Amino acid sequence: SQSHDVAWARDHCGICVGSTMAVIAFSDNRTTRWLRCVSCSSGHVDNGGVISPSTKPLSVPAGIPPVELAAWTEIRECLGIGAYTAAVMMCRKLLFHIAVGHGLPAKNNKDRAPTFSEAVEQLEKTGLITKKMLPWVERIKDFGNDANHEIIPMTIVEAKDASIFTEQLLKLAYEMDALMASAGSQIVTSEIDE
C-alpha cells in the first residue's frame, strides 16, 4: 500500500531530476526494484543501488559542436553510472577534439593523430588554457595514460577532477563564444527597437 515503508524511494530521476520514486515492484531479496518518478512518470530500475537511467552530473555548456557534445554526453553518462575509467579516457579524448576544433591538424604529414603534448600546445597557443591550468592538463594526461595504457581503475575523485576540468575547458572553448554571439544579436535587436 502507499503507506508501506517500501512503497517509496528517495532517489533522483535521470530524466527530470525529481527526487521521489514510487516503488512499483521489487525482487524477493529487494536488490532489484522497479521505480516510477512521481514528477515525470519515467520508469527506472535500481539494480543493487545503481539506478538506470542515471542522473547526469555537471552541465552542458552552450555552443558545443555535435561530435564534442556527444562525447561530453557520454562522459556525463559514464559518471552517472560509475564508469569512472571510461569517463577519464573520454575526457582525455575530448581534449584532443577541442584542440583539433581550434586549429590543430587532425593528422600530421605521416597520417598520424597529434600527440597529447601537441594538443596541449595548441590549446595554449589559442589561449584556451593558461600556464596556471597546466597542472590540471597534466593530471588528465596522467589519469588518461593510466586508464588507457594500463588496467588501473579510476576512482570517483579522479573522474570528477578530469570531468570538472573538461567542463571548464568546454565553457572556454565554446560557451563563451556562443554567449557573446547571443549577446551580440540582443544588442543588435535592442538597437533596432530604439
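Reader: Is the crossing in which H1 passes H2 left-handed or right-handed?
Author: This is a predicted model, with residues numbered from 1 along each chain as its sequence is written. Local features need pLDDT of at least 70, side-chain atom pairs count only at pLDDT 80 or more, totals for chains, interfaces and linings use all residues, and side-chain values use heavy atoms, without hydrogens and water. A crossing is left-handed if the near helix is turned anticlockwise from the far one by less than a right angle, and right-handed if clockwise. The crossing of H1 and H2 is left-handed.

Reader: How are H1 and H2 oriented to each other?
Author: The axes of H1 (residues 66-81) and H2 come within 8 Å and cross at roughly 160 degrees. Angles run from 0 to 180 degrees between N-to-C directions; those under 35 degrees count as roughly parallel, over 145 as roughly antiparallel, 65 to 115 as roughly perpendicular and the rest as oblique. H1 and H2 are therefore roughly antiparallel.

Reader: How are H2 and H3 oriented to each other?
Author: The axes of H2 (residues 84-101) and H3 (residues 116-125) come within 9 Å. They cross at roughly 50 degrees, so H2 and H3 are oblique.

Reader: How far apart are the end C-alpha atoms of H2?
Author: The expected span of a helix is 1.5 Å times one less than its number of residues. With 18 residues, H2 should therefore span 26 Å, and this agrees with the distance between its end C-alpha atoms, 25 Å.

Reader: Which residue with a positive phi follows H2?
Author: The phi of this residue is near 105 degrees. The residue that follows H2 is Gly-103.

Notes
Helix = DSSP H or I, 4+ residues; strand = E, 2+ residues; numbered from the N terminus.
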